[in-house]
Amino acid sequence: FGPQSAMKRIAEAHAIEAIDLTPAFRSVGAARSFRLWEDRKYNDIWHLNREGHEIAAREIAKTIEALI
């Protein structure tokens, strides 16, 4: 259910690799991954902060290394 499963189905239908970053973000918690209250105006649950981008980059790199 949700966007991750939809993306997985699309990727599988086209025989391409899909990376679900959800487990990596959950392992450190939302406050360390997303822009939560950074500007004190709103709680941004859609955009990654610096650490979130680093987490995503590590997970993507691991997947690429496993493929080559």
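1. Let us start with a term you will need for the surface of this model. A nonpolar patch is built from residues that have over 30% relative accessible area and no salt bridge, with nonpolar side chains joined within 5 Å. Please keep in mind that this is a predicted model.

2. Now look for such a patch here. Ile-19, Ile-60, Ile-64, Leu-67 and Ile-68 together make a nonpolar surface patch of about 500 Å². Take Leu-67 as your example: this residue sits in helix α3, which covers residues 50-67. Is Leu-67 buried or exposed? Leu-67 counts as exposed because its relative accessibility is 57%, and the cut-off for that word is over 50%.

3. Next, turn to the empty space. Rolling a probe the size of a water molecule over the atoms shows where empty space is left. In this model, the largest pocket holds about 560 Å³ of space. Its lining has 22 residues, and those closest to the centre of the pocket are Gln-4, Ile-19, Asp-20, Leu-21 and Thr-22. You have met Ile-19 already, as one of the residues of the nonpolar patch.

4. Which elements give two or more residues to the lining of the largest pocket? They are α1 (3-13), α2 (22-28) and β2 (43-48). Helix α1 gives the most, with seven residues. By kind, the lining residues divide into 14 nonpolar, four polar and four charged.

5. Now for the charged pairs. How many salt bridges does the structure hold? There are two. In one of them, the side chains of Glu-51 and Arg-32 meet, at 2.6 Å from N to O. Glu-51 belongs to helix α3 and Arg-32 to the loop between α2 and β1 (34-36), so this pair ties together parts that are 19 residues apart in sequence. Glu-51 counts as partly exposed because its relative accessibility is 26%. Arg-32 also counts as partly exposed, at 41%.

6. Another salt bridge joins Glu-59 and Lys-62, whose closest N and O atoms are 3.1 Å apart. Here both partners lie in helix α3, three residues apart, which is about one turn of the helix. With 24% relative accessibility, Glu-59 counts as partly exposed.

Methods: Residues numbered from 1 in each chain as written. Predicted model: local features only at pLDDT ≥ 70, side-chain atom pairs only at ≥ 80, totals over all residues. Heavy atoms only, no water. 1 Å grid on protein atoms, 1.4 Å probe; cavity = no way out; pocket = protein on both sides within 12 Å on 5 of 7 lines; lining within 4 Å. Points joined across faces, edges and corners; volume = space filled by probe spheres on them. Helix = DSSP H or I, 4+ residues; strand = E, 2+ residues; numbered from the N terminus. Nonpolar A, V, L, I, M, F, W, Y, C, P; charged D, E, K, R; others polar. Patch = residues over 30% accessible without salt bridge, like charges linked within 9 Å, V, L, I, M, F, W, Y side chains within 5 Å. Areas by Shrake-Rupley, 256 points an atom, 1.4 Å probe, with all protein chains shown as cover. Salt bridge = Lys/Arg side-chain N within 4 Å of Asp/Glu carboxyl O. Buried < 20%, exposed > 50% of the residue type's maximum accessible area, 1.4 Å probe, protein only.
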